[in-house]
Amino acid sequence: MALQLIGNLSTKVDRVFEGGSAVNADRDWWGRVRQKAMSLGAQHFTKHNLRRTCATGCARLGASDFIVSKILGHATQPGVQVTQVYNRYSHLSEMASALNAWAAHVEKITACENWGADILTLRRA
């Protein structure tokens, strides 16, 4: 999905998120995303919210906890490090499968005309 969005850009650009300066590119694009989320009702919104949503979504769509941890770049569980010395398999195909399933899910829900209509705002007690 990301490659398709980038491939559909009408002109060659150095940055996918226009308006970001080279010095503060990360802050510049994230500030706009955060502002949009807050204008839609989010009370607190960070990049970790996106990581959490992706991780939860991949797990809900069938990815194992191990693959979700690999996607997030987390360290392995204690006691498994010795296995990593011997097992050099990267699990790239499993991670790609999980992320492709997540991309298809996101594409499906954002393709609907009223895609936010059935979302409820939940507040912490």
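User: How do the axes of H4 and helix H6 cross, and is H4 roughly parallel or roughly perpendicular to H6?

Analyst: The model is predicted. The axes of H4 and H6 (residues 92-111) come within 10 Å. They cross at roughly 90°. The range for roughly perpendicular is 65 to 115 degrees, so H4 is, relative to H6, roughly perpendicular.

User: Which residues in H4 meet H6, and how many residues of this contact are charged?

Analyst: On the H6 side the partners are Glu94, Met95, Ala98 and Leu99. From H4 come Ile67, Lys70 and Ile71. The contact of H4 with H6 has five nonpolar residues and no polar ones. The charged residues number two.

User: Is His91 buried or exposed, and what is His91 in contact with beyond its neighbours within four places in sequence?

Analyst: The relative accessible area of His91 is 14%. The limit for buried is under 20%, so His91 is buried. With neighbours within four places in sequence left aside, the contacts of His91 are Phe66, Ile67 and Lys70.

User: How is H3 oriented relative to H4, roughly parallel or roughly antiparallel?

Analyst: H3 covers residues 47-60 and H4 residues 65-72. Their axes come within 9 Å and cross at roughly 150°. Angles over 145 degrees count as roughly antiparallel, so H3 is, relative to H4, roughly antiparallel.

User: Which handedness does the crossing of H3 and H4 have, and how do the residues of the contact divide?

Analyst: H3 passes H4 in a crossing that is right-handed. H3 brings Arg51, Ala55, Cys58 and Ala59, which meet Val68, Ile71 and Leu72 in H4. The residues of this contact divide into six nonpolar, no polar and one charged.

User: How many aromatic pairs are there, and is the pair stacked or edge-to-face?

Analyst: The count comes to one aromatic pair. Trp30 and Phe45 form it, with ring centres 5.5 Å apart. Their planes lie at 10°, and under 30 degrees counts as stacked. The pair is therefore stacked.

User: Where do Trp30 and Phe45 lie, and how many residues apart in sequence are the parts the pair ties together?

Analyst: Trp30 belongs to helix H2 (residues 25-39). Phe45 sits in the loop between H2 and H3. The pair thus ties together parts whose separation in sequence is 15 residues.

User: Are Trp30 and Phe45 buried or exposed?

Analyst: Trp30 has 10% relative accessibility. Phe45 has a relative accessible area of 15%. Buried means under 20%, so Trp30 counts as buried, and Phe45 is also buried.

User: How many helices and strands does the protein chain have, and what percentage of its residues count as buried?

Analyst: The elements run α-α-α-α-α-α from the N terminus on. That is six helices and zero strands. Of the 125 residues, the part that counts as buried is 17%.

Methods. Residues numbered from 1 in each chain as written. Predicted model: local features only at pLDDT ≥ 70, side-chain atom pairs only at ≥ 80, totals over all residues. Heavy atoms only, no water. Axes fitted to C-alpha atoms, helices over the stretch in contact; angles between N-to-C directions. Helix = DSSP H or I, 4+ residues; strand = E, 2+ residues; numbered from the N terminus. Parallel < 35°, antiparallel > 145°, perpendicular 65-115°, else oblique. Left-handed = near helix turned anticlockwise from the far one by under 90°. Contact = heavy atoms within 4.5 Å. Nonpolar A, V, L, I, M, F, W, Y, C, P; charged D, E, K, R; others polar. Phe/Tyr/Trp six-rings, centres within 6.5 Å; stacked < 30°, edge-to-face > 60°. Buried < 20%, exposed > 50% of the residue type's maximum accessible area, 1.4 Å probe, protein only.
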